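Subject: Structure handover

Hello,

Here is the structure for you to look through. My notes on it follow below.

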Amino acid sequence: MEQIQTSVSVSQTFERLKKKLGTIVPEAELFVKAEIAYEINRLKKEKNAVILGHNYMEPALFHSIPDFVGDSLQLSRIAANSTADRIIFCGVRFMAETAKILNPDRMVLLPAKVAGCSLAASITAEDVRNLKKRYPGVPVVTYINTYADVKAETDVCCTSSNAVDIVRKLDSEMVICIPDEFLAKNVARETGKKVILPNEAFKLRGELQKDSMIVWDGKCEVHERFTVSDIESARAQFPDVVVIAHPECTPEVVEASDYSGSTTALIDYVAKSKAERFLVLTECSMSDNIAADNPEKEMLGLCSIRCPHMNEITLEDTLTCLREDKYQIELDEDVRIKAKRSLDRMLEMS
């Protein structure tokens, strides 16, 4: 994980952003953003707040106000160990809920009214209970990209970075892996399990083969749009390009890529690689953030897919959130306690 050093004046903030993002964000926009970022950084000290920024945040926010940036697993660990009075999560709602699950006595704020997630919305707690009734005793592994009530019905959570490891450590012939169909299929390929879709599973009436994985049909509205044709087109134009993809992409896209991993793994891969040109198949703001940290390397500008939910998080709303303690996350305590068990188990197994 990375801890960000914030600047102490508007001019310093502007100069730092200009140096980092001058080729990515217009200078006039950076000046306005610097003023807002400075006020946020001043207020967070006054109010003893910590700001967590997911890797998908837009560049001006990502490089100015978070105390820590990273992927969902990294930021979950930070949230679990936080001593701040306020935790401001610049990410989407399920991430802020996770911080609240782990920090019930601290104020957790999400700088947006909704900031939902197509993947999290694809499954309900009732769906999970139905799967458990149909297949009693089969462990349920749930992607962290879910809401608290779904986590509460889960044996253990996982992230894109530790899903394979957690499924292996469960050492179970059958596993229910929800809700991301593509992530589950990518995990199944690496763990040698046979994929069973929900409609197939219910038809089988519980008579499953050994080493099988029951998956859900949820998808990320960003990652499902990448295709093998995108990769082929990029390679036809730029034969030296290195293609890296998030495991929420289809198995075909992951298979056609040179490397697949969590957002942090993708960032680290580019930083350590000797290659000069990359195509990053994930939320496109992250490509800009990688480009800002690796100015000597080229990120192909072929990615134009922004997550509309992540895009709801702005510097302006973060300032309002901090000033007014607005958009607080509240959870039913019984749900929170049950959800915490699945998160604790994930952290113990990671």
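**The sheet**

Strand β11 (residues 242–245) runs parallel to β12 and is joined to β12 by two bridges. Strands here are DSSP runs of E with at least two residues, helices are runs of H or I with at least four, and both are numbered from the N terminus. Two strands pair if DSSP finds at least two bridges between them. In β12, Tyr-259 stands opposite Ile-244.

This is a predicted model, in which local features need pLDDT of at least 70 and side-chain atom pairs count only at pLDDT 80 or more, while totals for chains, interfaces and linings use all residues. Residues are numbered from 1 along each chain as its sequence is written, and side-chain values use heavy atoms, with hydrogens and water left out.

The order of the open four-stranded sheet is β12-β11-β13-β14, and the pairing is parallel. β12 (259–260) and β14 (298–299) each have a single partner strand, so one side of each is left without a neighbour in the sheet.

**Two packed helices**

How do α8 and α9 pack? Helix α8 (residues 163–170) and helix α9 (residues 181–191) pack at an angle of about 55 degrees, and their axes are 9 Å apart. Axes are lines fitted to C-alpha atoms, for helices over the stretch in contact, and angles run from 0 to 180 degrees between N-to-C directions.

Ala-163, Val-164, Val-167 and Arg-168 in α8 meet Val-187, Glu-190 and Thr-191 in α9, where contact means heavy atoms within 4.5 Å.

Regards
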